[in-house]
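Hello,

Here is the structure I promised to pass on. Have a look at it first, and my notes follow below.

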Amino acid sequence: MSTNLCPNASSSDPQPILYSYWRSSCSWRVRIAMNLKEIPYDIKPISLIKSGGEQHCNEYREVNPMEQVPALQIDGHTLIESVAIMHYLEETRPQRPLLPQDVHKRAKVREIVEIICSGIQPLQNLIVLIHVGEEKKKEWAQHWITRGFRAVEKALSTSAGKYCVGDEISMADCCLVPQVFNARRFHVDLRPYPIILRIDRELESNPAFRAAHPSNQPDCPPELPNK
Ligand SMILES: O=C(O)/C=C\C(=O)CC(=O)CC(=O)O
């Protein structure tokens with residue numbers, strides 16, 4: 001690895017720590033990326049629901065002022081925001097690339113990432129749903145996921161191979177799979193999105209994706225149905 005890629009990393013650095021919540025789709029994206037790149041890490045679970053949410057406690061606010069997961073302690077730095085973290089990993093650990101070489105394919109990966117990470121997930125995030133209220137939250141989440149998935153499916157109709165963009169797994173796939181889980185959680189009818197469903201099914205058995213799944217997280221409640 002060249003010296004400017006990872007200026008503060010040394011073999012004596014402690015193992016990275018990922019502040020994560022089992023069902024957080026943003027934590028899940030980073031777990032997949034770490035697993036794909038075979039970067040060992042420890043999980044520090046932050047419960048988003050226990051006692052009003054551990055993400056709001058003073059200690060964690062020092063780690064992530066947005067009071068959200070994930071946060072990643074790596075190379076002597078604390079990084080927040082899942083997409084920024086994935087790009088950092090890509091730039092410092094280029095093994096098993098998550099962006100294609102071709103600039104147009106890269107643009108397509110970023111487009112799909114952006115649709116999901118800006119255009120869908122933030123609108124159905126826990127803090128928003130709390131604000132929307134118990135009575136309306138399901139319909140609200142369905143509305144925004146459906147709207148976004150229409151655009152994702154359209155993008156995939158020209159970009160997809162085996163995965164979101166061509167035949168290599170990319171950041172777009174790291175974002176898509178957790179969003180499909182959220183869609184199912186809110187009972188979105190996924191039949192109009194056959195390409196999304198096909199790619200989700202394709203990645204289900206991938207070991208990096210399996211290990212990152214909520215049901216395989218240390219903080220996943222044991223009593224969860226369909227574990
Ligand atoms: O267990 C819970 O109900 C609390 C939080 C979540 O699911 C995580 C989210 O807010 C959704 C997400 O990350 O997309």
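Helix 3 (residues 82-92) packs against helix 7 (residues 171-185) at an angle of about 145°, and their axes are 11 Å apart. Helices here are DSSP runs of H or I with at least four residues, strands are runs of E with at least two, and both are numbered from the N terminus. The axes are lines fitted to C-alpha atoms, for helices over the stretch in contact, and the angles run from 0 to 180 degrees between N-to-C directions. The crossing of helix 3 and helix 7 is right-handed; a crossing is right-handed if the near helix is turned clockwise from the far one by less than a right angle, and left-handed if anticlockwise. Met86, His87 and Glu90 of helix 3 meet Met171, Cys174 and Cys175 of helix 7, where contact means heavy atoms within 4.5 Å. These residues divide into 4 nonpolar, 1 polar and 1 charged. In that count Ala, Val, Leu, Ile, Met, Phe, Trp, Tyr, Cys and Pro are nonpolar, Asp, Glu, Lys and Arg are charged, and the others, Gly among them, are polar.

Please keep in mind that this is a predicted model: local features need pLDDT of at least 70, side-chain atom pairs count only at pLDDT 80 or more, and totals for chains, interfaces and linings use all residues. Residues are numbered from 1 along each chain as its sequence is written, and side-chain values use heavy atoms, with hydrogens and water left out.

Helix 7 also packs with helix 6 (residues 137-159), at an angle of about 140° and with the axes 11 Å apart. This crossing is left-handed. Helix 6 brings Ile145, Phe149 and Val152 to the contact, and helix 7 brings Leu176, Gln179, Val180, Asn182 and Ala183. Here the division is 6 nonpolar, 2 polar and no charged.

Now for the domains. The domain assignment gives domain 1 (3-96) and domain 2 (103-211), with bounds from an automatic or database assignment. Their centres, taken over C-alpha atoms, are separated by 21 Å. In the interface, 17 residues of domain 1 are in contact with 21 residues of domain 2. About 1800 Å² is buried between the two, and carbon and sulfur atoms give 68% of it; buried area is the accessible area (1.4 Å probe) that two parts lose on being put together, summed over both. Arg23, Trp28 and Arg29 lose the most area on the domain 1 side, together 31% of what that side buries.

Two backbone details may also interest you. The peptide bond from valine 69 to proline 70 is cis, with omega near 5°, and proline 70 sits in the loop between helix 2 (58-63) and strand 3 (71-74). Serine 51 has a positive phi of about 50° although it is not a glycine; its loop runs between strand 2 (42-45) and helix 2.

Best wishes
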